[in-house]
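Please consult the sequence and the model shown below.

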Amino acid sequence: MAQESPKNSAAEIPVTSNGQLEDSHEHSFNRDLKCSLPVGLGLSETKITSHGFDSSKEGVVEAGQFPSKGSSASPKSSVISPSSAAASRLAGQGCDLIIPTGGRAQQKSGPVVLADEVKNPAMEKLELVRKWSLNTYKCTRQIISEKLGRGSRTVDLELEAQIDILRDNKKKYENILRLAQTLSTQLFQMVHTQRQLGDAFADLSLKSLELHEEFGYNADTQKLLAKNGETLLGAINFFIASVNTLVNKTIEDTLLTVKQYESARIEYDAYRTDLEELNLGPRDANTLPKIEQSQQLFQAHKEKYDKMRNDVSIKLKFLEENKVKVLHNQLVLFHNAIAAYFAGNQKQLEQTLKQFHIKLKTPGADAPSWLEEQ
C-alpha cells in the first residue's frame, strides 16, 4: 500500500479558477486577524502594511469593524485609538499601523516641542549683534557729522566748562606728581651718599689720631643730615602718595563717568537726528510705526542722557570738595617739611611728621624677623 505524501499547509487553501482566494477563507483570515488584536484595537478603518513578505509589492489587508451580534457592520464607525502596547507589538512584527483620524495623520509617539516657548540662543545672540551694529552705525554717523560740521550736538555750557577745567587740572597735577617723584629720587640718592660719607668720616676718626676731632665733627654732621633727609623723604613720599591717589583714582573715576556721559550724549543726539528726519518726511501707514518706534528709542536715550548728566554734576561737586581738602593738607605738609629741613630745625621737622601722623620706616624694618614670622 502506497504511503500518503505529507500535505503542505499551503495546499489546503483552495483557490478559485482565477487564482484568488475564496471569499469564505478571506473572511476567516480577517476574522482571525481581528481576534488576535487586543480589545482596545477595535478600529473602523485600519490598515496593516506588512514588509516581511518576499514579494515585491506590499501586502495590504483591510480590516473592518468586527460586527457584534445583532448588529450589522458599518463602514463609518467610531475610531478608538490603540494602546501603546498594542502598537509596539504590531511594530515588532514588521507592520506599520496607520490610523486615519478624520483626514489628519496622527503624530507618532515622541517628545512634543513647543516652538513658541523654546528660545533659540543663536537667535538671541544674532538679535543682540543686530542691535549693537545698528546703534554703532548711528553713533558713528553722528560723530562724523559733528566733525564735518553738518550735524548738531547738545551742549551744556556750564558742565562742559567744568569738565575742561578738570582735565586741565589733571594734567597740571600729573606734572607736579612727576616732579615730586624726581625730587624724592634725588633726595634719596643724596641721603644715601651722606650716610656713606658719614661712615667714612667715622672710620677715619678712629684711625687718624691727629685728626680725630675733625673727622668726628664731619661724621656727626653728615649723619645728622642723613637723618633729617630721611625725615624729609618720608614727608615727600607721603605727599606723593596722596596726590597720586587724588589724580589716578579720584579724578580718573570722575573722568570715567564723564566718558560715559559723552557716550550717552552721542547716542541721544543720534536718535534725536533720526526722529527729526522721520518727522520731516511723509506720514502714512508705513512711516507711522517707524516714527512711533523712533520716538520710544529717543525717549529712552534722553532719560539715560539726563541721568548721566546729573551723575557727572554730582561727582564734580564732590571731587572739588575732596580735592580742596586733600591738597590743602598736603601742601601745608610739603611746605613745613621743606622749610624745617633747610632751616636745620630738626625739632620742627619731626613735629611736622607727627602732625600728619607719618611714621618713618627704619632701615631693615621692611623684612620681618624669623620670630615674627612664626
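Is Tyr305 buried or exposed? Tyr305 is buried, with a relative accessible area of 3%; buried means under 20% relative accessible area, exposed over 50%, and partly exposed in between, with a 1.4 Å probe and protein chains only.

## Basis of the model

This is a predicted model, in which local features need pLDDT of at least 70, side-chain atom pairs count only at pLDDT 80 or more, and totals for chains, interfaces and linings use all residues. Residues are numbered from 1 along each chain as its sequence is written, and side-chain values use heavy atoms, with hydrogens and water left out.

## Aromatic pairs

Rings of Phe, Tyr and Trp (its six-membered ring) pair if their centres lie within 6.5 Å; planes under 30 degrees apart count as stacked, over 60 as edge-to-face and the rest as tilted. The count by this rule is six aromatic pairs. One of them is tilted, because the rings of Phe239 and Phe334 have planes at 40°, with centres 4.9 Å apart. Phe239 belongs to helix H5 (residues 212-280) and Phe334 to helix H6 (residues 287-342), 95 residues apart; helices are DSSP runs (H or I, at least four residues), numbered from the N terminus. Phe239 is buried at 5% relative accessible area, whereas Phe334 is partly exposed at 27%.

## The tyrosine pair and its cluster

Tyr261 and Tyr305 are stacked, at 5.7 Å centre to centre and 25° between the planes. Tyr261 lies in helix H5 and Tyr305 in helix H6, so this pair ties together parts 44 residues apart in sequence. Tyr261 is buried, with a relative accessible area of 1%. Tyr261, Tyr268, Phe298 and Tyr305 make up one aromatic cluster.

Notes:
Helix = DSSP H or I, 4+ residues; strand = E, 2+ residues; numbered from the N terminus.
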